Amino acid sequence: MRRAAIAVSGLVITAGAVTMWAAGGDDASPGTDGTRTVGGGEQHVIPSPEAGQRELLLSDLRALNPALAGDEDRAVEDARWLCVDIRRGQPEDALLEEASQRFRVTWEQAPRVLDAVRGSFC
């Protein structure tokens with residue numbers, strides 16, 4: 001009977017740990033201002049633009065190509081993750097590659113995407 005209780009306790013603890021890991025635990029918890037932190041060697045805040053900053057970002061993206069802001073929420077989310085890389089100090093070439101992949105733009109358009117992200121909220 002005691003072994004069964006210990007085994008059940010172990011399973012409950014393991015299930016809880018797996019649930020925390022799958023849900024992201026505290027490392028992916030939302031902040032009070034809409035930001036989240038992500039782990040890695042150190043934690044980084046994923047910035048969330050305010051309403052005016054969001055509109056500026058989307059306007060800049062539309063000026064480059066209206067399709068870039070077709071799905072506004074996705075464009076903002078991609079910009080937020082690009083901002084994390086900017087804040088981590090990634091090399092410019094890596095940022096350009098990330099911008100071209102996330103926003104599906106040419107290498108020549110990628111600097112303007114970076115400028116839109118940097119100039120609006122990052």
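Please keep in mind as you read that the model is predicted.

Let us begin with the helix pair. Two packed helices are described by the angle between their axes and the distance between the axes. Here the partners are helix α2, residues 51–64, and helix α5, residues 110–120, and they pack at an angle of about 165° with their axes 9 Å apart. Angles over 145 degrees count as roughly antiparallel, and α2 and α5 are therefore roughly antiparallel to each other. Their crossing is right-handed.

Which residues make this contact? From α2 come Q53, L56, L57, D60, L61, A63 and L64, while α5 supplies R112, V113, A116, V117, G119 and S120.

Is R62 buried, partly exposed or exposed? Its relative accessibility is 32%, so R62 counts as partly exposed, since that class lies between the cut-offs of 20% and 50%. Leaving aside residues up to four places away in sequence, R62 touches A69 and E72.

From there, move on to the disulfide. A search of the whole structure finds one, and this link joins C83 to C122, with an S to S distance of 2.0 Å. The link of C83 and C122 is right-handed, with 90° about the S-S bond. C83 lies in helix α3, residues 72–87, and C122 in the segment after α5, so the bond ties together parts that are 39 residues apart in sequence. How accessible are the two ends? C83 has a relative accessible area of 0% and is therefore buried. C122, at 24% relative accessibility, counts as partly exposed.

The last stop is S100, whose place is in helix α4, residues 92–103. Its relative accessible area is 12%, and because buried means under 20%, S100 is buried. What does S100 touch, once residues up to four places away in sequence are not counted? The contacts of S100 are V105, T106, W107 and A110. One of these, A110, brings you back to where the tour began, as helix α5 covers residues 110–120.

Conventions: Residues numbered from 1 in each chain as written. Predicted model: local features only at pLDDT ≥ 70, side-chain atom pairs only at ≥ 80, totals over all residues. Heavy atoms only, no water. Axes fitted to C-alpha atoms, helices over the stretch in contact; angles between N-to-C directions. Helix = DSSP H or I, 4+ residues; strand = E, 2+ residues; numbered from the N terminus. Parallel < 35°, antiparallel > 145°, perpendicular 65-115°, else oblique. Left-handed = near helix turned anticlockwise from the far one by under 90°. Contact = heavy atoms within 4.5 Å. Buried < 20%, exposed > 50% of the residue type's maximum accessible area, 1.4 Å probe, protein only. Disulfide = S-S within 2.5 Å.
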